[in-house]
Amino acid sequence: MKSPMTSPLTDIPGIGPATAEGFLRSGITSAEALRAMGADAAYEAWLRGGNPPHFIGYYALVMALQGRPWNDCRGAEKDALRVKFDALKARALGNQKGHPGIEAALDLIGVGLRR
């Protein structure tokens with residue numbers, strides 16, 4: 001049985017090569033997979049994959065998956081997304097300080113912080 005064709009992450013307007021690379025490191029390998037996950041689950045995977053948190057990156061992803069330009073996010077909508085971003089970050093990273101990518105790499109080799 002043939003597997004369905006998949007599109008690169010950069011087929012989503014607003015997802016460039018650097019962002020696509022971060023999603024690939026997080027295990028999200030296609031535009032279809034990213035769309036199916038939705039912005040919140042995908043961004044949480046992004047954080048757990050060791051990528052740094054960045055509010056603009058989060059709301060740009062939300063806008064991209066809605067087919068809107070990143071700078072379309074304003075006012076109450078942006079305020080609500082900030083609350084969601086803070087909750088995602090807390091859930092994915094807990095009280096972790098420092099750079100999550102470095103923390104993940106150190107944990108992988110067994111020399112990370114003892115918690």
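Is N51 buried or exposed? With a relative accessible area of 1%, N51 is buried (under 20% relative accessible area, with exposed meaning over 50% and partly exposed in between, for a 1.4 Å probe and protein chains only). The model is predicted, so local features need pLDDT of at least 70 and side-chain atom pairs count only at pLDDT 80 or more, while totals for chains, interfaces and linings use all residues. Residues are numbered from 1 along each chain as its sequence is written, and side-chain values use heavy atoms, with hydrogens and water left out.

N51 is found in the loop between α2 and α3; helices (H or I, at least four residues) and strands (E, at least two) are DSSP runs numbered from the N terminus. The side chain of N51 makes a polar contact of 2.6 Å with that of R25 and another, of 3.0 Å, with that of S26. Such a contact is a pair of N or O atoms within 3.5 Å; within protein, one must be able to donate a hydrogen and the other to accept it, and residues adjacent in sequence count only if both atoms are side-chain atoms.

The nonpolar core comes next. A core of this kind is a set of buried Ala, Val, Leu, Ile, Met, Phe, Trp, Tyr and Cys residues joined through side-chain atoms within 4.5 Å. The largest one has 27 residues, of which I15, F23, L34, Y43, Y58, L61 and L81 touch the most other members. Two or more residues come from each of α1 (17-25), α2 (31-48), α3 (55-65) and α4 (75-93), and α2 gives the most, with eight residues. Within α3, the buried residues are F55, Y58, Y59, L61, V62, M63 and A64, and their cover includes α1, α2 and α4. Just after α3, G67 takes a positive phi of about 75°.

Beyond its neighbours within four places in sequence, Y43 is in contact (heavy atoms within 4.5 Å) with P52, P53, H54, G57, Y58, L61, F85 and L88. Aromatic pairs are also worth a look: rings of Phe, Tyr and Trp (its six-membered ring) pair if their centres lie within 6.5 Å, with planes under 30 degrees apart counted as stacked, over 60 as edge-to-face and the rest as tilted. Seven such pairs are found in the whole structure. Y43 and Y58 form an edge-to-face pair, 5.4 Å centre to centre with 65° between the planes. That pair links helix α2 with helix α3, across 15 residues. Y58, at 0% relative accessible area, is buried, and it pairs with F85 in a tilted arrangement, 5.9 Å centre to centre and 35° between the planes. Because Y58 lies in helix α3 and F85 in helix α4, the pair ties together parts 27 residues apart in sequence. F23, Y43, W46, F55, Y58, Y59 and F85 form one aromatic cluster.

Charged side chains complete the picture. Seven salt bridges are present, each a side-chain nitrogen of Lys or Arg within 4 Å of a carboxyl oxygen of Asp or Glu. R25, the partner of N51, also meets E21 in a salt bridge of 3.9 Å, N to O. E21 and R25 are four residues apart in helix α1, about one turn of the helix. In helix α2, R48 and E44 are likewise four residues apart, and their closest N and O atoms are 2.8 Å apart. R48 is partly exposed at 48% relative accessibility, whereas E44 is buried at 14%. E44, R48 and R91 are linked in a network of salt bridges.
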